[in-house]
Amino acid sequence: MRILSKRQVKELVLYSPQHIARLEKAGQFPKRVQLGVNRVGWVEAEVLDWQEERLARRDVQDERS
């Protein structure tokens, strides 16, 4: 298992940290893991699954068009 830093997640999903936090709060993005007092990370597999779900939704929408 690999844990991604805030910077790595930002580069992977191309969202600002603020937008990622909003999505998290709304239950629309994987939850962060508290690694220390001032350190958080995300499970890479969960973030990649989130991306795959979004791609799958895009493909379904394309088929409907």
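**The aromatic cluster and its surroundings**

Ring pairs join Tyr 15, Phe 29 and Trp 50 into a cluster. The model is a predicted one, and a search of the whole structure finds two aromatic pairs. In one of them, Tyr 15 and Trp 50 stand edge-to-face, at 6.1 Å centre to centre and with 70° between the planes. This pair links distant parts of the chain: Tyr 15 belongs to the loop between helix 1 (6-13) and helix 2 (17-25), whereas Trp 50 lies in helix 3 (residues 44-64), 35 residues apart. Tyr 15 has a relative accessibility of 23% and therefore counts as partly exposed. Trp 50, at 9%, counts as buried.

The rings of Phe 29 and Trp 50 have their centres 4.8 Å apart; because their planes are at 70°, which is over 60 degrees, this pair is edge-to-face. Here too distant parts of the chain are linked, with Phe 29 in the loop between helix 2 and strand 2 (33-36) and Trp 50 in helix 3, 21 residues apart. Both Phe 29 and Trp 50 are buried.

Phe 29 and Trp 50 also belong to the largest nonpolar core, which has 10 residues.

The structure holds three of them. In one, the side chains of Glu 44 and Arg 2 meet at 3.1 Å, N to O; this pair links helix 3, where Glu 44 lies, to the segment before strand 1, where Arg 2 lies, 42 residues apart. Arg 2 is partly exposed, with a relative accessible area of 44%. Another salt bridge joins the side chains of Arg 7 and Glu 11 (3.5 Å, N to O). Because Arg 7 and Glu 11 are four residues apart in helix 1, about one helical turn separates them. Arg 7 is exposed, with a relative accessible area of 57%, and Glu 11 counts as exposed at 51%.

Terms used:
Residues numbered from 1 in each chain as written. Predicted model: local features only at pLDDT ≥ 70, side-chain atom pairs only at ≥ 80, totals over all residues. Heavy atoms only, no water. Phe/Tyr/Trp six-rings, centres within 6.5 Å; stacked < 30°, edge-to-face > 60°. Helix = DSSP H or I, 4+ residues; strand = E, 2+ residues; numbered from the N terminus. Buried < 20%, exposed > 50% of the residue type's maximum accessible area, 1.4 Å probe, protein only. Core = buried A, V, L, I, M, F, W, Y, C linked by side-chain atoms within 4.5 Å. Salt bridge = Lys/Arg side-chain N within 4 Å of Asp/Glu carboxyl O.
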